[in-house]
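Dear colleague,

Please find the structure below. My notes on it follow directly after.

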Amino acid sequence: IGTTHGVWGFDDKDNVDRDHMVDAILEATGGKSPLLFSGDLNIDQNTVSIGRIEERLTSVFKNKLTTSFNMLHKADKGGGFATSVVDFVFASKDIKILDAYSSEENVSDHVPLVVKFEL
């Protein structure tokens, strides 16, 4: 099991710093199985960088979330938060995902992500 907080920036797009971040993630997770890896990567789910991770690992919430931000905290601040997914859970192919959902608990400026799985 691993987690990280990604490179912050004024946008959620690919850049050199995020390329280095993904290189480090792939190096740290390479060859490990079973594996769950999560984090606020501060990058959009539809970027080349996330695609590189998805070549090795399954993105548990792929196309299932409209946003990963808690809009009670972000609604008045603008910036596209309502349509931005920057939080991820990745799983190796040998982990069976039983359920995955986001909670509406107001505990952070991001929504909690819950994954039930079987080894």
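Of the 119 residues in the chain, 39% are buried, where buried means under 20% relative accessible area, exposed means over 50%, and partly exposed lies in between (1.4 Å probe, protein chains only). This is a predicted model, in which local features need pLDDT of at least 70 and side-chain atom pairs count only at pLDDT 80 or more, while totals for chains, interfaces and linings use all residues. Residues are numbered from 1 along each chain as its sequence is written, and side-chain values use heavy atoms, with hydrogens and water left out.

The chain holds three helices and six strands, in the order β-α-β-α-β-α-β-β-β from the N terminus. Helices (H or I, at least four residues) and strands (E, at least two) are DSSP runs, numbered from the N terminus. Along the principal axes, the C-alpha atoms fill a box of roughly 45 × 35 × 20 Å.

Contact here means heavy atoms within 4.5 Å. Among contacts between residues at least 6 apart in sequence, 65% join residues at least 24 apart.

Thr-67 counts as buried because its relative accessibility is 16%. The side chain of Thr-67 reaches two backbone oxygens: that of Phe-81 at 2.5 Å and that of Ser-84, which lies 3.0 Å from a polar side-chain atom of Thr-67. Leaving aside neighbours within four places in sequence, Thr-67 is in contact with Phe-81, Ala-82, Thr-83, Ser-84, Val-85 and Val-111.

Some backbone features also deserve mention. The peptide bond from Ser-33 to Pro-34 is cis, with omega near -5°, and Pro-34 is placed in the loop between α1 (16-29) and β2 (36-40). Asn-42, although not a glycine, has a positive phi of about 55°; Asn-63, also not a glycine, has a positive phi of about 60°. Are these asparagines buried or exposed? Asn-42, in the loop between β2 and α2 (48-54), is buried, with a relative accessible area of 10%. Asn-63, in the loop between β3 and α3, is exposed, with a relative accessible area of 59%.

With kind regards

Notes:
A polar contact is a pair of N or O atoms within 3.5 Å; within protein, one must be able to donate a hydrogen and the other to accept it, and residues adjacent in sequence count only if both atoms are side-chain atoms.
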